[in-house]
Amino acid sequence: MRFADARPDGRAVVYAHIQADPLVLSAAELLAAATTTQRLLARAAMNGESTDAATWRAMFPALFGPAAPGPDDPTRIRSEAILEVSLQVADRGEQARSQYRGAIVEALTERLVATRTGPVRRERRILFDGRPAEIHPYDVTVEGDAAGEAWDCKWGARGIKADVIHQLDDARRGAGEDEARLVVGLVVFDARRSCEVRMVRERGAVALEGLKLIGLESLDRLAGRKPA
Amino acid sequence: MPPPTVADLVERTLLGFDALAATAEAVADEWQYVTDLGTVWKARIRAVGDARGTEPAPAGAAAAIDAVVAEAGRITDPHRAIDWLSTLPQVALAAVGEPA
């Protein structure tokens, strides 16, 4: 088993600009240290219609209500910052914000995994001798000497499709045949309940036991810590 | 008018969810997924009503659920409505202090 750079294509060139956008990096940085409720705020606001911050503050009394931390509290400051960047993403328009959201989930995953292990890479393929190479790269990989990891990142549960599950399962089986250690999984910025519903319908003949699923509530597991 | 109970908020959430599902059903290829989401999320929300229905709603929860249901009502794109079938219940559950 070995890792390799993805083949460059037009889509990747365009997408690289979004991945490097300061808004993506800022959102990922804020969300890496966020609570589950703050991440839920980001998910809702980045995918909403309203651009009025007051609407979103009303929706999350635990973050902004009378019993929430005060305006000078670091948690409250983070909540306000997350709301601000989320509304900036929402303001990009339907086509662009879809790409921004995907890039944010990837960047967030990279940060969380990097606090636990390394080296962490982006957009890499995994090659096995005697097996045809997969076309699509994995969003985030860990390329350690002793063990590897391959993560595909999705904004929502609806992004879990049969081809995604099959590619991860192929990598897992290829590693097994090479007697290499490889953890494969999906990171989805959505509720685990919705992800499970989707996976059961899309899995086909794939046994899901070998596939890790990290939902919005358990993102901190990527960093090796309990949810905040 | 008496303060709302958790059961009242469960009812409002379910009505909002059904309206959203009606928008989402326009995507024929995702009919099964929309149906599955309805099955699991409505069961989760009803379970909260069964367990805590008579409790007064937590502070801010009624306004939160009115806000999230109103936001869901603004969504006319069926693809985004599918995404919100997962988001709306999470936000509503958080408002009443429940995990997803």
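**View 1. An open sheet of six strands in chain A, ordered β1-β2-β3-β4-β5-β6, mixes its pairing.** Strands here are DSSP E runs of at least two residues and helices are H or I runs of at least four, numbered from the N terminus; two strands count as paired if DSSP finds at least two bridges between them. At the edges sit β1 (2–5) and β6 (211–214) of chain A, each pairing on one side only. From one strand to the next the twist averages 45°, with axes fitted as lines to C-alpha atoms (for helices, over the stretch in contact) and angles running from 0 to 180 degrees between N-to-C directions. This is a predicted model, in which local features need pLDDT of at least 70 and side-chain atom pairs count only at pLDDT 80 or more, while totals for chains, interfaces and linings use all residues. Residues are numbered from 1 along each chain as its sequence is written, and chains are lettered from A and ligands numbered from 1 in the order in which they are written.

**View 2. Strand β4 (148–154) of chain A is largely enclosed by the rest of the structure, because seven of its seven residues are buried.** Buried means 20 or more other C-beta atoms within 10 Å of the residue's own, exposed means 12 or fewer, and partly exposed is in between, with C-beta atoms placed from the backbone. In a regular strand, side chains alternate between the two faces of the sheet. Both faces of β4(A) are covered: G148(A), A150(A), D152(A) and K154(A) are buried on one side, and E149(A), W151(A) and C153(A) on the other.

**View 3. β3(A) and β4(A) make a hairpin with four residues between them.** Strand β3 (138–143) of chain A pairs with β4(A) in the antiparallel sense over four bridges, and E143(A) stands opposite G148(A). Look in the loop between these strands for G144(A). G144(A) is partly exposed because 13 other C-beta atoms lie within 10 Å. Its C-alpha atom is 19 Å from that of L211(A), 67 residues apart along the chain.

**View 4. On its way from β4(A) to β5(A), the chain passes through helix α8 (162–177) of chain A in a right-handed β-α-β crossover.** Right-handed means that, with the strands pointing away from the viewer, the path from the first strand over the helix to the second runs clockwise. β4(A) and strand β5 (182–188) of chain A run parallel, joined by seven bridges; C153(A) has V187(A) as its bridge partner. β5(A) also pairs with β6(A), in the parallel sense over four bridges, and there G185(A) is partnered by K212(A). Helix α7 (94–114) of chain A packs on the sheet, touching β2 (120–127), β3, β4 and β5 of chain A, and its direction makes about 10° with that of β3(A).

**View 5. Where the chains meet, 28 residues of chain A are in contact with 27 residues of chain B.** Contact means C-beta atoms, placed from the backbone, within 7 Å. On the chain A side, two or more residues come from each of α3 (36–46), α4 (53–59), α5 (61–64) and α9 (192–202), and α9(A) gives the largest share, five residues. That side divides into 12 nonpolar, eight polar and eight charged residues; Ala, Val, Leu, Ile, Met, Phe, Trp, Tyr, Cys and Pro count as nonpolar, Asp, Glu, Lys and Arg as charged, and the others, Gly among them, as polar.

**View 6. The buried residues of α3(B) pack against α4 and α5 of chain A, together with α1 (6–24) and α4 (78–95) of chain B.** Among those buried in α3(B) are A61(B), I65(B), V69(B) and E71(B).

Terms used
Two residues are in contact if their C-beta atoms, placed from the backbone, lie within 7 Å.
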